[in-house]
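Please read them with the coordinates open.

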Amino acid sequence: MESTSFLEMDLRSLPSLLVAHMKRAMDSRCCKMRYDLLIVHSLVQYFALPFTILYQFEVSHKRWMQIIGAHTDSPVLKVKPASKKTAQGYIQVAVECYGGGLWHTWFDRELSIAGSVIVEKDDGSFVRELVHIKRPLLRIPNLCIHLQTADERSKFEVNKESHLVPLLAMADAALNKTAEAAGSVADPRHGNEFIGIIAAELGCKTSAIKDFDLTLFDTQPGQCWGASEEFVSAPRLDNQVHCFTSMEALIEHCKELGTDEGVNIIALFDHEEVGSESTHGAGSPIIRDIIERVGDCMNAGSGGELQKVSVQKSFIISADVAHAVHPNYASKHEANHSPLLNGGTVIKTNNNQRYATNAVTGFVVRELARRADVQVKIQEFCVRNDCPCGSTIGPMVSALTGIRTVDVGIPSLSMHSIRETIGTEDVLNSLKLFISFFRNFRALDDACHF
């Protein structure tokens, strides 16, 4: 969960999943597993769109699908296409606000950059390289209290365009010659110092850097804290924590497949924080396409009826962090729906369809928790009638696919802050629930006559 960019988290997680799947190819069902792996390889190649990876294991002619969906993105500051900026003798980097962050929490933090860079190779080809500069590079300083009016001090309003521009360096003439000294000319859209740092990290000339997608991040690593280290605080827990627990659950399930003949999938999407309406967000046809493509591979020439049956037998868990009750703002929660840190996974319900949970899908999760090998704790959340309600990918993917969907999540504090907080026990609780989903859903669903 220490990934600093969406792409880094996805690409670096993929090899372990493929290895876990390939180990399964060595069991007694070797021929079948090789066929599965061919399909997996095809799907990964087809669906490895920018910042979106669909991982698919275990397919069969029965073709029901057990899907856990989450999102990889978080509210962050992203470097603008033209980032070169100077003011009052300082070199700065122009940034854009992505999503709905608590932007005041980005002040007075040691920041750096991570993401992907398009680099031209010596043979004229282009590659996309990951970059993660761990040392502090940037900072957004607060205005000292003495220069603020009483009204400014009481409100602390942030102008997202003018107040959130980080400092990089002093505008020293010698620094401005970095690119020329290296024997290359940097992109004029960006400061030479900024491009020079990226080039040094990648081991290439500044002129070889053609474009990038870079995100600012807090260089302080995640930490456990509390009297018994019962809390963990880190950047981007919303929602990389569920990317982590779903991946680990799928890998664990692959170790003991038994008679499982379903299609087990985790789907990690970008752009949830800005509405999901993109080529690689949850609002794209990607889930619907994977259902159709798996169906075509497994039931060639059988027509569309089996496809419809598969959809009716399938289930989606939409996993995104939930709102834990805040002890200093307890009035924001309804008394009977006030999840606690370390109290277990939260089932999120909203009859106005901000969440996809209904009576049936909520029951399924509660029963899966009961059937788990170890105790899995469950909590409930329903927003107050006089408060706004957030949303998730759940209602969207449910509408796109027609598959039964439930919204769940690990409870958190400081959601959308630069550093968020969850309970340490809730991470393991989420993992055990997802393992139970992959192992027990089919038997549970067959026992439900409604």
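The points below take up the pockets, the cavities, the nonpolar core, the helices and some backbone details.

1. Basis of the notes. This is a predicted model, in which local features need pLDDT of at least 70 and side-chain atom pairs count only at pLDDT 80 or more, while totals for chains, interfaces and linings use all residues. Residues are numbered from 1 along each chain as its sequence is written, and side-chain values use heavy atoms, with hydrogens and water left out.

2. The largest pocket. A pocket is here an open set of points on a 1 Å grid over the protein atoms alone, with protein on both sides within 12 Å along at least five of seven lines, and its lining residues have an atom within 4 Å of a point. Grid points are joined across faces, edges and corners, and a volume is the space filled by probe spheres set on the points. The largest pocket holds about 1100 Å³ of space and has a lining of 41 residues, with His323, Pro388, Gly390, Met415 and His416 nearest its centre. Strands β13 (322-323) and β17 (411-413) each contribute at least two residues to that lining; strands (E, at least two residues) and helices (H or I, at least four) are DSSP runs, numbered from the N terminus. The lining comprises 16 nonpolar, 16 polar and nine charged residues, where Ala, Val, Leu, Ile, Met, Phe, Trp, Tyr, Cys and Pro count as nonpolar, Asp, Glu, Lys and Arg as charged, and the others, Gly among them, as polar.

3. The second largest pocket. The volume of the second largest pocket is about 430 Å³, and 17 residues line it, the closest to its centre being Phe107, Asn142, Leu143, Glu157 and His163. Helix α3 (residues 150-155) gives the most to this lining, namely three residues, and by class the lining has eight nonpolar, five polar and four charged residues.

4. A cavity is a set of grid points where a 1.4 Å probe fits but cannot get out, and the structure holds two of 30 Å³ or more. The largest cavity, with a volume of about 80 Å³, has Trp106, Leu216, Asp218, Arg236 and Glu420 among its lining residues. Strand β8 supplies the largest share of this lining, three residues, and the lining divides into seven nonpolar, two polar and three charged residues.

5. The nonpolar core. A nonpolar core is a set of buried Ala, Val, Leu, Ile, Met, Phe, Trp, Tyr and Cys residues joined through side-chain atoms within 4.5 Å; buried means under 20% relative accessible area, exposed over 50%, and partly exposed in between (1.4 Å probe, protein chains only). The largest such core has 33 residues, and those with the most contacts inside it are Trp106, Ile113, Phe194, Phe212, Leu214 and Leu216. Elements that each supply at least two residues of this core include β3 (76-87), β4 (90-98), β5 (111-120) and β8 (209-218), while α5 gives the largest share, five residues.

6. Helix α6 (residues 237-255) reaches 27 Å from its first C-alpha to its last over 19 residues, close to the expected 27 Å, a span taken as 1.5 Å times one less than the number of residues. Because 15 of its 19 residues are buried, α6 is largely enclosed by the rest of the structure. The peptide bond from aspartate 238 to asparagine 239 is cis, with omega near 15 degrees, and asparagine 239 is found in α6. Please inspect this bond, since most peptide bonds are trans.

7. Positive phi values. Which residues have a positive phi although they are not glycines? Glutamate 229 does, at about 50 degrees, in the loop between β9 (223-225) and β10 (231-234), and with 52% relative accessibility it counts as exposed. Serine 276 does too, at about 70 degrees, in the loop between β11 (263-269) and α7 (286-298), but at 3% relative accessibility serine 276 counts as buried.

8. Helix α10 and serine 391. Within α10 (residues 394-401), Gly394, Pro395, Val397 and Thr401 are buried, and the helix is followed by glycine 402, whose phi is positive, near 75 degrees. Serine 391, in the loop between β15 (378-381) and α10, is partly exposed at 30% relative accessibility.
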